[in-house]
Amino acid sequence: MKDLTFDDRIVVVSGLGMFTPLGRNANEVCDAVLDGKSSIAPSVNIDPGQLVSLTSEFHNEDTLGLPESLTRCTDRGVWFAVKALDEAMANAGLAPADLDTARTAVVVGTSHSGIQHSEKILKASSEGRIQDIRSNDFYAALTDHVSSIVCERLGLTGIKVTISSACSSSNTAIGYGRDLLLTGQADRVIVIGTDTLSETIAAGFNSLKVMSKAPAAPFSNPSGISLGEGAGVLILESLDTLRASARADRCRGEVLGYALSSDAFHQTSVDDNGEGIQAAITRAIANAGITAADVDYISAHGTGTDSNDVPESIAVACLFGNQVKIASVKSSVGHTLGASGVIELIISLVCAERGYYAPNNHFIGVREGCAELDYVHGPQAPAQINTILCNNYGFGGNNSSMVLAREAGRFAKQPALRRKVFVSAYSNYTVHSETQRDWAERIGAGVSLACNDEVRATYVGKTAAPDGDKSSQRRSSPSIQFAVQAMEKAITGFGLQTVVAEKRYETGLVSGLLHGAQKAVEKYIFSVYEDGLRYARSILFPLTTLNAAAGEVSIKFGIKGFNTTLCGPIGAMKFAYDAVRLGHQERMFDLSSDELTPLVLDLCERFGVLGKFSAAQMSTGFYLNDGASVTVLESEDGIAKRGGMKLAEVLSFRAAQEGAGHRLNGDGAVLAATAIGALDECGMRPQDVDLVIAVGQGMQAFLDNERNALNKIFAGMLPAMTSAAMHVGYSPTAIFPQMMNLATAILCGAAWREADQSGAVWTPGALKNANGIARILVLFTSVTFEQCAAVLGKVHA
């Protein structure tokens, strides 16, 4: 395998921008914060007759001076991001023409972007107006809508990632942006944190009884949260890139390192003793190559609630005593949810550049239960502030810590590891095949597991009765139950019980989802509209975040390492792959899970994306199924230490997209280039591929894209091909891990069926054995138009 560029590059912030109700740019916001001002006030958008709430928000009727061509078809999270991006680009001294479109990545962190269009869709459905729902509404409701629109506006075709792990989202996005630069996968990364408020979100936090009756006062009194919205944007580059472009003066600071952890404790509350928080901080400091004594200021998560502030302050006291300045700027801008990491880092950094610590406004004394720390409030003298630790925590026990130093290159670099990555376990769970053997046997027998017109009503949303006492899973959405079942099978089927039971931080979990717990989301939003904002169901609200499944799974199995959720299966698998090869984790569980509801199927029917069965043939379109898949990626050392097996080696993994928003032109150029790049990375030529696993079904543009890509890659000399979707149907996120798992099974000797490509979509053909199959190319295009190529190789004894 060719060496990858895991070098000693210094990753720096070259530009920043911010757009919040407190200020329309970074300087305005920081002026207000240092003056002790706040934008938290009675909501202008929520009917006070239904719910009295203090928020930091824009008026819903304010289109922020953006063109109607943008505002009529996008969610407000996009609007905020576009405004902040304009400032960040100018601040970095960049114009769109300066961007290498294939080498500029976009990493978005958001919790609820798209929520207002989700509300619109569900409200129309509840009122019997499904005909009023447009395809733009459907795409604008997707959490990854922001990244798609940004790539379209800038014409970017490189890596596109959306991280949605509740309130830790954009802090993690900063760290992952650094990883993409360290591994040479991008030359520039645009990191965006954005989120928007809505009445159902406010109702949900109110149902948890955490809303404050006064502007938030983190670590002080009274306790309670003040919700906010807005966006922050960072431009990340290497210091060498800045110097080469005569822009070294644009360096605002170095991103030193980051780490994640999971509490594995509760969906909405932090671990009482702050153990998970301490783990994230300790590992972030180690990843940054510094010590606790080097930290000058801590930007705390500090939501204002007892369930956060008490354990967070205790964790900080355990690691730092009271020797470091700490504050939470949520007292000024409110809790901006998934955007909080980027927004709070920008405020902390700009204040530090001015010689001041970003303060904890509204502070009147330490709240009972909180540790006595050096909280920043009131008048302060100018200071030299270099190293900033940013902490953010989210629902599901997702903890994220990141370290930035204003003086780039001050600390010695930690070597960036380049490790081999193997598949060491896998499982697939569908309502049609509840055991791994059943799944494999049905594929070998050529049996279709897709939901056709006759069985769809029977199987949609069906869940198998869980084994043992899993009452919490019974109350959850089907996708969470599927996820638990798939995890159970991967763990018990491949001897991972001891590793998981030890609850060590070397084992992590990433989930790749599009809609999450759809049934719970629908029930929650319908309940808000039917019963009123005051009566939102607190048991359902935590399940509306995309990371609900990962949270439930980590709690169930005690997984305490890296834990995050990405929009879509490609980003999640890529994140797991990078986390292992960079040495962040010894092993990562990659989990994808889908559930179909009658509403989802009705919308798919309305937009003409469902495939149709007939006596003669299967039409174009997707033959949908629900279920879950797990793929475990692990280092060679990790496998050896636990006595596991290397089932297959992931030789390379590349991802890209067309930069065309919610469109696919079908020429196959991006998918072909991605595949050729993946083959080149591991020293292979197209003729070295023994088998291709592709999708073989979908709308005509997807079929054209795949067919044209194959012809471009192999110049008409196609190798053997097969498909997982032609057997198990198409699960929008679980299908890609199923393809990786099928490749692994074949490399381990499983029989497979060659695809019959004579019809509109692929169907099972002749049975083949695995003799001579040593290198498999997996090609996939997601329904959100990301495209990827993975090369898997046989492990020789």
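Reader: How far is the sulfur of C30 from the closest cysteine sulfur?
Author: This is a predicted model, in which local features need pLDDT of at least 70 and side-chain atom pairs count only at pLDDT 80 or more, while totals for chains, interfaces and linings use all residues. Residues are numbered from 1 along each chain as its sequence is written, and side-chain values use heavy atoms, with hydrogens and water left out. A disulfide is a pair of cysteine sulfur atoms within 2.5 Å. The closest cysteine sulfur to that of C30 lies in C351, too far for a bond, at 4.2 Å.

Reader: Which cysteine has the sulfur closest to that of C151, and how many disulfides does the rule give?
Author: C151 is buried at a relative accessible area of 1%, where buried means under 20%, exposed over 50% and partly exposed in between, for a 1.4 Å probe and protein chains only. The closest cysteine sulfur is 13 Å from that of C151, too far for a bond, and belongs to C567. By the rule, the number of disulfides is zero.

Reader: Why is strand β17 largely enclosed, and with which strand does β17 pair?
Author: Helices (H or I, at least four residues) and strands (E, at least two) are DSSP runs, numbered from the N terminus. Five of the five residues of β17 (563-567) are buried, so the strand is largely enclosed by the rest of the structure; N563, T565 and C567 point one way, while T564 and L566 point the other. Two strands pair if DSSP finds at least two bridges between them. Here β17 has five bridges, in the parallel sense, to residues 507-513, which form strand β16.

Reader: How far apart are the closest N and O atoms of K574 and D578?
Author: Both residues lie in helix α21 (residues 569-581), four residues apart, about one turn of the helix. K574 and D578 are each buried, and the closest N and O atoms of their salt bridge are separated by 3.2 Å.

Methods
Salt bridge = Lys/Arg side-chain N within 4 Å of Asp/Glu carboxyl O.
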